[in-house]
Amino acid sequence: MLILVPFIRPAILCLALTALAGCNRSAVVPDSDARVNASEKLAQAELIRQQLDLIPPPSKSRYMAVHALTSWENPYLTVQANMLTLHVTVADANTSDLGVGGILRPVGARRQDLNIRTSDLPGALNAVPRTAWPYGRVVALEEAHDTPAKARPEVRRNMETAMQLLNDLGIVVYEWNESGNPVK
């Protein structure tokens with residue numbers, strides 16, 4: 001008969017539990033669905049980039065002359081802590097100069113605002129009609145006004161993420177500061 005010393009029993013129990021816990025673990029095999037989803041996402045991103053490439057390159061002389069976002073005609077983004085607001089001005093369907101911007105054809109009626117997640121930005125920009133890009137492939141980007149001090153780091157991270165996504169899509173970023181002027 002084997003008599004165990006009191007301090008050896010917990011050690012044996014601990015070894016036995018460790019061995020059992022180690023035996024339960026199965027090998028982690030990469031999920032084939034995850035690889036398929038990743039390749040589908042890459043293919044979708046490439047398709048979006050190809051479709052956005054159909055929009056002409058930006059005309060710097062046209063968009064650099066704009067000094068207020070109220071007169072900006074291309075899509076622009078307002079970056080907030082947890083979302084982006086995509087502002088799109090749809091082209092006027094009436095091609096005559098009669099009453100442009102007047103009471104019968106206000107520009108504000110053609111403006112649409114869409115709140116989106118940062119990850120949905122490529123798809124949302126791809127859905128914007130080509131006629132809404134009169135300056136070419138350029139998007140103005142501004143931080144939300146009156147952002148609380150504790151939310152500013154998150155807004156800045158969101159801004160950098162949006163800039164990276166736009167650059168990956170081949171879209172020029174025209175950054176605006178809080179005073180309403182472009183950042184040079």
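## Close-up views of a predicted model

The residues that line the second largest pocket divide into six nonpolar, four polar and three charged. The structure shown in these views is a predicted model, and each legend below takes up one part of it.

**View 1. The second largest pocket is lined by 13 residues.** Among these lining residues, Glu73, Thr89, Val90, Arg110 and Pro134 lie nearest the centre of the pocket. The space in this second largest pocket comes to about 160 Å³.

**View 2. The largest pocket holds about 250 Å³ of space.** Helix 2 gives the most to the lining of the largest pocket, with five residues. Residues found in the lining include Lys41, Gln44, Ala45, Ile48 and Arg49, and also Ser119, Asp120, Pro122 and Gly123, as well as Leu165, Asp168 and Leu169.

**View 3. Tryptophan 72 and tyrosine 174 form a stacked aromatic pair.** A pair of aromatic rings is described by the distance of the centres and the angle of the planes. For tryptophan 72 and tyrosine 174 the distance is 5.6 Å centre to centre, and the angle between the planes is 20°; planes under 30 degrees apart count as stacked. Tryptophan 72 lies in the loop between helix 3 (60-63) and strand 1 (76-79), while tyrosine 174 lies in strand 5 (residues 172-176), so the pair ties together parts that are 102 residues apart in sequence. Tryptophan 72 is buried, with a relative accessible area of 1%, and tyrosine 174 is also buried, with a relative accessible area of 6%.

**View 4. Tyrosine 174 and tryptophan 176 form an edge-to-face pair.** The ring centres of tyrosine 174 and tryptophan 176 are 5.8 Å apart and their planes stand at 85°, so the pair is edge-to-face. Tryptophan 176 is buried, with a relative accessible area of 3%. Tyr174 and Trp176 belong to one aromatic cluster together with Tyr63, Trp72 and Tyr135, and a search of the whole structure finds six aromatic pairs.

**View 5. Arginine 156 forms salt bridges with glutamate 143 and glutamate 175.** Side chains of opposite charge can pair when their charged atoms come close. The side chains of glutamate 143 and arginine 156 meet at 2.9 Å, N to O. This pair links distant parts of the chain, with glutamate 143 in strand 4 (residues 138-143) and arginine 156 in helix 5 (residues 152-168), 13 residues apart. Glutamate 143 counts as partly exposed at 21% relative accessibility, and arginine 156 is partly exposed as well, with a relative accessible area of 30%. In the salt bridge between glutamate 175 and arginine 156, the closest N and O atoms are 3.4 Å apart. Glutamate 175 lies in strand 5 and arginine 156 in helix 5, so the pair ties together parts that are 19 residues apart in sequence. Salt bridges that share partners join Glu143, Arg156, Glu160 and Glu175 into one network.

**View 6. Arginine 117 and aspartate 120 meet in a salt bridge.** The N to O distance between the side chains of arginine 117 and aspartate 120 is 3.0 Å. Arginine 117 counts as exposed at 53% relative accessibility, whereas aspartate 120 is partly exposed, with a relative accessible area of 32%. The count of salt bridges comes to five.

Technical notes. Residues are numbered from 1 along each chain as its sequence is written. This is a predicted model: local features need pLDDT of at least 70, side-chain atom pairs count only at pLDDT 80 or more; totals for chains, interfaces and linings use all residues. Side-chain values use heavy atoms; hydrogens and water are left out. Rings of Phe, Tyr and Trp (its six-membered ring) pair if their centres lie within 6.5 Å; planes under 30 degrees apart count as stacked, over 60 as edge-to-face and the rest as tilted. Helices (H or I, at least four residues) and strands (E, at least two) are DSSP runs, numbered from the N terminus. Buried means under 20% relative accessible area, exposed over 50%, partly exposed in between (1.4 Å probe, protein chains only). A salt bridge is a side-chain nitrogen of Lys or Arg within 4 Å of a carboxyl oxygen of Asp or Glu. On a 1 Å grid over the protein atoms alone, a cavity is a set of points where a 1.4 Å probe fits but cannot get out, and a pocket is an open set with protein on both sides within 12 Å along at least five of seven lines; lining residues have an atom within 4 Å of a point. Grid points are joined across faces, edges and corners, and a volume is the space filled by probe spheres set on the points. Ala, Val, Leu, Ile, Met, Phe, Trp, Tyr, Cys and Pro count as nonpolar, Asp, Glu, Lys and Arg as charged, and the others, Gly among them, as polar.
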